[in-house]
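I am opening my notebook on this structure. I will write down each thing as I look it up.

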Amino acid sequence: MKIGTGDVRHIATLAELEISEAELPSLAADMERIVTFVEQLPDIPVGDRTSVTVGPSALRLREDVVDPVPLARPPEANAPAWRDGFFVVPALDGLGEDE
Amino acid sequence: MMASAVAGLVERLESSAHLNATLAWSHAALEGEAANVRSVGAGPLSSMPIAVKDNIVTTTLPTTCASRILEGYVSPYEATVVTRLRAAGALIACKANLDEFAMGSSTEHSAYGRVHHPLDPDLVPGGSSGGSAALVAADVVPAALGSETGGSVRQPAAFCGIVGIKPTYGRVSRHGLVSFGSSLDCVSPFGRTVDDAARVLEVISGHDPRDVTTHALPPLDASEHLHRLDGITIGLPAEYFPDDLDPGIRAACELGVARLREQGATIRRVSLPHTGAAVPAYYIVNPAEAAANLARYDGVRYGTRQIGDAGDLRALYRATRGRGFGPEVRRRILVGTFALSAGYTDRYYARAQAARRCIIDDFTSVFADGVDLLFTPTTPTTAFRAGEKLADPVQMYLADVFVCPASLAGVPAMSLPLGRSGGLPVGGQLIGPSLGEARMIAVARLLESVLDATAEVR
């Protein structure tokens with residue numbers, strides 16, 4: 001399958017990844033190589049084979065009791081920006097005031 | 001005694017710095033570890049220093065996953081496997097370098113520089129758990145934790161001439177292992193010997209209420225010692241011995257088979273017909289799961305943050321992720337997003353799942369047909385040169401051709417050194433049925449005792 005720079009730009013938007021224009025051609029070439037490779041998958045009739053289970057066949061629920069993991073440090077210790085108990089982020093474009 | 005053990009470890013960590021195998025260790029953290037060892041007293045791993053791959057969280061050292069996006073991150077909680085190691089008297093020696101977010105087969109995709117092979121600095125140690133493997137192979141630590149998604153412990157174990165055991169999916173808790181491919185990820189130990197790796201696996205295994213995908217089983221008992229292999233059938237799958245297999249790898253495997261036969265094992269040729277579908281299926285399932293799991297790195301709650309040019313929230317997401325992730329991580333996120341996008345899910349993801357189902361059925365039927373274990377090469381070549389496979393991602397993916405199938409099937413598998421070819425270690429792989437670790441390890445222990453892992457084959 002042919003993958004062009006426009007395809008990569010679109011997929012990068014879906015994946016919330018900033019990609020510079022200069023990087024698009026080589027990423028398109030890499031993706032085309034990878035997608036061509038995975039297309040070698042044999043044509044197995046999919047039928048009811050879409051469900052794959054590894055691990056225990058029946059997942060068991062925990063007792064419904066509050067059992068918090070004790071934290072060695074509070075959330076703000078790793079937060080890039082924190083104020084009054086909240087993570088601080090820039091405003092969505094066109095919404096609210098400037099941060 | 002403890003003080004001199006820590007001093008010895010510090011000396012080994014310092015003298016192995018040229019390998020670039022560690023991402024974090026500190027004198028203060030080691031003092032804390034030593035105090036813990038003293039308070040635990042006699043435990044099954046008493047005073048054993050263990051390196052931990054840097055995608056397993058610890059509260060005492062940072063966890064970066066070898067990514068710029070997690071630079072400076074120190075976890076607020078500890079992985080279940082780390083808690084269990086400490087309770088058994090082990091000492092967390094350091095955090096080990098890896099391919100960024102465990103994506104790679106050479107440990108060249110670390111944002112903090114590649115890991116060098118202990119026998120030749122121009123070679124790669126394998127990956128993604130290359131730092132853990134190099135530290136064990138260089139005698140810095142007797143054992144280490146790595147993680148497997150598609151062979152990331154067995155492949156570097158083979159390249160470095162040590163033992164690596166991937167347990168059954170669900171045998172060991174994933175709580176605190178940074179999620180990559182959630183239906184594939186397994187914390188997996190390395191050891192210089194089968195015994196060292198097996199002892200670590202025993203300690204970290206068993207049900208964990210914090211990971212719903214763990215089996216409701218007590219810890220593994222891998223203490224079985226076999227004196228002979230009479231009555232045990234070992235299958236040799238034709239698909240793992242292609243005509244163009246590297247002659248040194250083939251010779252080492254033939255030696256392994258001869259030793260198994262001498263010990264009384266019945267050798268049977270078998271077929272796992274869907275083996276060829278494993279790598280293509282893996283490189284759809286794995287990026288799809290990775291794209292979903294790595295959506296959490298957004299620059300809001302932890303990790304590094306980049307303010308995008310537009311200055312709004314989406315620009316922050318895109319700049320943080322676009323600049324924080326390295327090339328291989330971005331490729332996988334793009335491929336995974338593509339394979340799950342509207343119009344392509346049936347063509348890629350559904351077909352990959354169908355192939356995975358067939359691969360699982362291959363293993364189930366061969367084990368139901370009287371085969372106790374499978375024996376194969378772990379890798380198609382010995383350790384390759386740094387840079388050799390960087391230009392073509394598909395060549396890098398094919399380094400995992402013999403290790404991917406067991407990962408997709410969730411069955412246990414391990415690599416142990418068979419001997420050397422051209423001066424470099426060759427690994428042999430044993431694959432067992434689901435939850436069949438104890439027998440697999442017992443056979444490996446006997447095979448190890450009748451092989452000279454450092455001898456040139458032929």
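Leaving aside its neighbours within four places in sequence, which residues is L334(B) in contact with? I looked them up: V8(A), I11(A), A12(A), A15(A), L27(A) and M31(A). Two residues are in contact if their C-beta atoms, placed from the backbone, lie within 7 Å.

A note on the source. This is a predicted model, where local features need pLDDT of at least 70, side-chain atom pairs count only at pLDDT 80 or more, and totals for chains, interfaces and linings use all residues. Residues are numbered from 1 along each chain as its sequence is written, and chains are lettered from A and ligands numbered from 1 in the order in which they are written.

Entry: the core. I found that the largest nonpolar core has 162 residues. Such a core is a set of buried Ala, Val, Leu, Ile, Met, Phe, Trp, Tyr and Cys residues joined through C-beta atoms within 7 Å. Buried means that 20 or more other C-beta atoms lie within 10 Å of the residue's own, with C-beta atoms placed from the backbone. L334(B) is among the residues with the most contacts inside this core, and so are I50(B), F190(B) and I284(B). Helix α8(B) gives the most to the core, with 10 residues. Helices are DSSP runs (H or I, at least four residues) and strands too (E, at least two), numbered from the N terminus.

Entry: a helix pair. I checked α2 of chain A (residues 24-38) against α8 of chain B (residues 278-293). Their axes come within 8 Å and cross at roughly 125°. Axes are lines fitted to C-alpha atoms, for helices over the stretch in contact, and angles run from 0 to 180 degrees between N-to-C directions. I34(A), F37(A) and V38(A) meet P280(B), Y283(B) and I284(B) here. Nonpolar covers Ala, Val, Leu, Ile, Met, Phe, Trp, Tyr, Cys and Pro; charged covers Asp, Glu, Lys and Arg; the others, Gly among them, are polar.

Entry: the whole contact. I noted 58 residues from chain B and 44 residues from chain A. On the side of chain B, α11(B) gives the largest share, 11 residues. That side divides into 34 nonpolar, 13 polar and 11 charged residues.

Entry: chain B overall. I listed 14 helices and 11 strands. The C-alpha trace of chain B spans about 70 × 65 × 45 Å along its principal axes. Of its 458 residues, 61% count as buried.

How values were computed. A residue is buried if 20 or more other C-beta atoms lie within 10 Å of its own, exposed if 12 or fewer, and partly exposed in between; C-beta atoms are placed from the backbone.
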